[in-house]
Amino acid sequence: MYRRAVAAAPHDPKPSIEFLHSRMLRETTVRGAIEDKRSVKNYEIVNGGKKIDVHNPDLNVQLAALLMQDGMDREAYDVLRQTLKANPDHVGALASEGNVLRLRAAEHFEGRPELALRILNKAERRLLRALELDPSHAPTLSFYAQLLHVEDRIPEAEKAWEQAMKASEGWDSRFVASTWCNYATFLWDRQGKVTEAQQLLESSLRLAPGYLPAKQSLASLQAMGGNVSQATAMFEKILALDPESGAPRSDLEYLRGLNKTQKS
């Protein structure tokens with residue numbers, strides 16, 4: 001996806017529904033409740049301008065995930081850089097930094113694709129280092145599979161997803177649901193396996209019934225399949241469950257506009 005952008009003309013037309021796909025890739029990565037109260041407390045400290053405890057790297061990885069959940073990728077990156085400076089071989093921090101970098105690359109996808117590629121290369125180095133230290137670390141495998149996915153390195157991504165799915169067994173239900181959501185995106189987007197992707201998303205909801213990204217991904221999948229009315233109804237239900245959620249609201253507004261355009 002990013003590598004294609006380098007060679008593409010600046011004004012190549014894109015499907016109007018494509019933004020839902022890019023959001024789907026992001027949301028299933030970073031959303032989800034984090035229950036550790038120490039993480040929440042550390043999060044409050046960071047927001048208050050105080051320094052983090054670099055000697056508690058596991059906690060800071062969760063803190064970074066909280067920051068990303070609130071769309072604060074730059075702050076998450078700063079937390080991880082501070083953590084890695086004191087703990088250069090911490091697998092979780094390396095993996096999380098690689099994931100943050102992958103997401104930051106998306107910010108430059110359209111305007112500065114060459115910069116996006118440089119950031120992606122840095123992200124890959126972090127993820128490969130984490131895998132060198134722990135080849136079976138499930139989050140690293142999942143993040144690496146997503147990076148290969150967006151770079152259109154499909155055979156490598158297929159292998160990485162196989163490893164990530166296997167490694168996720170035994171992890172907590174929300175992490176497994178997140179892994180399944182991201183793999184479902186790959187199945188639909190790169191292999192055209194819409195039915196399999198939908199089944200996997202439905203399975204993730206049975207595993208973690210309150211997992212919002214799975215609901216959003218199902219709605220996005222319907223939209224990307226052209227079922228705009230059904231997707232609109234699904235996003236309306238999501239907002240009824242979580243009125244404060246910003247992403248489904250913007251998606252719903254977009255789809256309502258698309259509905260009007262199709263009817264006119």
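Let's start with a charged pair: E132 and R129 form a salt bridge, with their closest N and O atoms 3.2 Å apart. Both sit in helix α7 (residues 113-133), and because they are 3 residues apart there, about one helical turn separates them. E132 is exposed, at a relative accessible area of 58%, while R129 is partly exposed, at 28%.

Keep in mind that this is a predicted model. Mean pLDDT for the protein comes to 77, and 72% of the residues reach 70 or more. Where pLDDT is low, the predicted coordinates should not be read in detail.

**The overall picture**

Among contacts with a separation of 6 or more, 60% come from residues 24 or more positions apart.

**More salt bridges**

The structure holds 9 salt bridges.

| Pair | Distance (N to O) |
|---|---|
| R81 and E97 | 2.9 Å |
| E132 and R129 | 3.2 Å |
| R190 and D152 | 2.6 Å |

Take R81 and E97, whose side chains meet in a salt bridge. This pair links distant parts of the chain, with R81 in helix α5 (residues 73-86) and E97 in helix α6 (residues 91-106), 16 residues apart. Is E97 buried or exposed? E97 has 0% relative accessibility, and because anything under 20% qualifies, E97 counts as buried. R81, on the other hand, is partly exposed, at 32% relative accessible area.

R190 and D152 form another salt bridge. Again the pair links distant parts of the chain: R190 belongs to helix α10 (residues 173-191), D152 to the loop between α8 and α9, and they are 38 residues apart. That loop runs between α8 (138-150) and α9 (154-167). D152 has another feature to look at, a phi near 65°, which is a positive value in a residue other than glycine. As for accessibility, D152 is partly exposed, with a relative accessible area of 25%.

There's also a network of salt bridges, linking E124, E151, R153 and E156.

**How α7 sits against α8**

Two packed helices are described by the angle between their axes and the distance between the axes. For α7 and α8, the angle is about 150° and the axes are 10 Å apart. Angles over 145 degrees count as roughly antiparallel, which is why α7 and α8 are described as roughly antiparallel to each other. The crossing of α7 past α8 is left-handed.

Which residues of α7 and α8 meet? On the α7 side they are L120, A123, E124, L127, L128, A130 and L131, and on the α8 side T140, L141, F143, Y144 and L147. E124 turns up in both stories: E124 meets α8 as part of this α7 set, and E124 is also one of the residues linked in the salt-bridge network.

Methods. Residues numbered from 1 in each chain as written. Predicted model: local features only at pLDDT ≥ 70, side-chain atom pairs only at ≥ 80, totals over all residues. Heavy atoms only, no water. Helix = DSSP H or I, 4+ residues; strand = E, 2+ residues; numbered from the N terminus. pLDDT = per-residue confidence, 0-100. Salt bridge = Lys/Arg side-chain N within 4 Å of Asp/Glu carboxyl O. Buried < 20%, exposed > 50% of the residue type's maximum accessible area, 1.4 Å probe, protein only. Axes fitted to C-alpha atoms, helices over the stretch in contact; angles between N-to-C directions. Parallel < 35°, antiparallel > 145°, perpendicular 65-115°, else oblique. Left-handed = near helix turned anticlockwise from the far one by under 90°. Contact = heavy atoms within 4.5 Å.
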